[in-house]
Amino acid sequence: MKPRVLVVDDDLAIRTLIARILERKGVETECAQDGAEAIEKMTANHYHVVVLDLMMPKVTGFEVVEHVRNNFITRPAIVLVTAGVDVDLRTLDGTVVHSVVRKPFDIHELGDLITVTAQQMMEAEKSRDAGLMRVIEFPTKSLEN
């Protein structure tokens, strides 16, 4: 199983660049052009990491983080990408946001961060799944025979 990542940015060039780097690293990648599309995709699919631009039209990255916090029991790690220096990052929930990367960024360092985070999230899921008790029902024989 490959790690799955959703890349969300309103800038097509950045979306494409990040997706291309991740795909070269063997990461299954999908893209969304804004927060509304990201929420739709996260509702329909499972991702280990969401790479999310904070400043987007329609639904901002802040709103996506809040939506994930309020609506997902199993949460993807969110890696925020922002160009804003005045953005108040203290308002973000640290249980949802894994990392914050400022633009301009080194694409290879960002790719490594995302890949390692996705692998860690995948391993954590496997550990959780291994701890689940499975109930198997066997047909019972009648005591009368």
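Two strands count as paired if DSSP finds at least two bridges between them. Keep that in mind, everyone, as we go through this predicted model. By that rule, strand 1, residues 4–8, pairs with strand 3, residues 49–53, in the parallel sense, and there are four bridges between them. If you want a spot to look at on the screen, V5 stands opposite V49 of strand 3.

Let me step back to the whole chain. We have four helices and five strands, and going along the sequence the pattern reads β-α-β-α-β-α-β-β-α. The chain has 145 residues, of which 40% count as buried.

In what order do the five strands sit? The order is 2-1-3-4-5, in an open sheet with parallel pairing. Strand 2 and strand 5, the latter covering 97–102, are the edge strands, each pairing on one side only. From one strand to the next, the twist averages 20°.

On to the helices that meet this sheet. Helix 1, residues 12–24, lies across strand 1, strand 2 and strand 3, and runs at about 170° to strand 2. Helix 2, residues 35–44, also packs on the sheet and touches strand 1, strand 2 and strand 3; the angle between its direction and that of strand 2 is about 140°.

Is A32 buried or exposed? A32 counts as buried, because its relative accessibility is 0%. Leaving aside residues up to four places away in sequence, A32 touches L6, V7, V8, D9, R15, E37, A38 and K41. D10 is 22 residues from A32 along the chain, and their C-alpha atoms are separated by 7.9 Å.

My other pick is E125, which sits in helix 4, residues 107–130. Its relative accessible area is 13%, so E125 is buried too, given that the cut-off for buried is under 20%. Which residues does E125 touch, not counting those up to four places away in sequence? They are H46 and H48. With H48 there is also a polar contact between the side chains, at 3.4 Å.

Methods: Residues numbered from 1 in each chain as written. Predicted model: local features only at pLDDT ≥ 70, side-chain atom pairs only at ≥ 80, totals over all residues. Heavy atoms only, no water. Helix = DSSP H or I, 4+ residues; strand = E, 2+ residues; numbered from the N terminus. Buried < 20%, exposed > 50% of the residue type's maximum accessible area, 1.4 Å probe, protein only. Contact = heavy atoms within 4.5 Å. Polar contact = N/O pair within 3.5 Å; in protein donor to acceptor, adjacent residues only side chain to side chain. Axes fitted to C-alpha atoms, helices over the stretch in contact; angles between N-to-C directions.
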